[in-house]
Amino acid sequence: MFEQARRWQIIPANPAADATLPKPRPANKRVPTIDEVRRLLEEADTLQLRLLVRLATVTGMRRGELAGLQWDDITAT
């Protein structure tokens, strides 16, 4: 955006041209064991919660993706 604005002469220079990008940090993720997933499913006290736990473990969906689901998205029509 800044570079395009510079080319169109809306701004004299790209203010982000000399920015230093942050170095990516390695993700520190741990995959739950089968026993941990089984315990999670046992502890889930409602059908909706069990479905969310199952969806998360089977599909690898992230928390925000799960939170964005509607009940109609996961039930058969």
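**View 1. Glutamine 9 lies in the loop between helix 1 (2-7) and helix 2 (34-43).** Helices here are DSSP runs of H or I with at least four residues, strands are E runs of at least two, and both are numbered from the N terminus. The model is predicted: local features need pLDDT of at least 70, side-chain atom pairs count only at pLDDT 80 or more, and totals for chains, interfaces and linings use all residues. Residues are numbered from 1 along each chain as its sequence is written, and side-chain values use heavy atoms, leaving out hydrogens and water. Glutamine 9 is not a glycine, yet its phi is positive, about 60°. Is glutamine 9 buried or exposed? Its relative accessible area is 71%, so it is exposed. (Buried means under 20% relative accessible area, exposed over 50%, and partly exposed in between, with a 1.4 Å probe and protein chains only.)

**View 2. Helix 3 covers residues 47-59.** Its 13 residues should span 18 Å at 1.5 Å a residue. The expected span is 1.5 Å times one less than the number of residues. The end C-alpha atoms of helix 3 are 18 Å apart, which agrees. Threonine 46 caps the N-terminal end of this helix. A side-chain oxygen of threonine 46 lies 3.2 Å from the backbone nitrogen of leucine 49. After helix 3 comes glycine 60, with a positive phi near 80°.

**View 3. Leucine 69 sits in the loop between helix 4 (63-67) and helix 5 (71-74).** Leucine 69 counts as partly exposed, because its relative accessibility is 26%. Leucine 52 is 17 residues away from leucine 69 along the chain. Their C-alpha atoms are separated by 9.5 Å.

**View 4. The whole chain has five helices and zero strands.** From the N terminus, the elements run α-α-α-α-α. The radius of gyration is 22 Å, well over the 11 Å that the globule rule gives for 77 residues, so the chain is more spread out than a compact globule. (The radius is taken over C-alpha atoms; the rule is 2.2 Å times the number of residues to the power 0.38.) Along the principal axes, the C-alpha atoms fill a box of roughly 60 × 35 × 15 Å. Buried residues make up 8% of the 77 residues.

Key. Polar contact = N/O pair within 3.5 Å; in protein donor to acceptor, adjacent residues only side chain to side chain.
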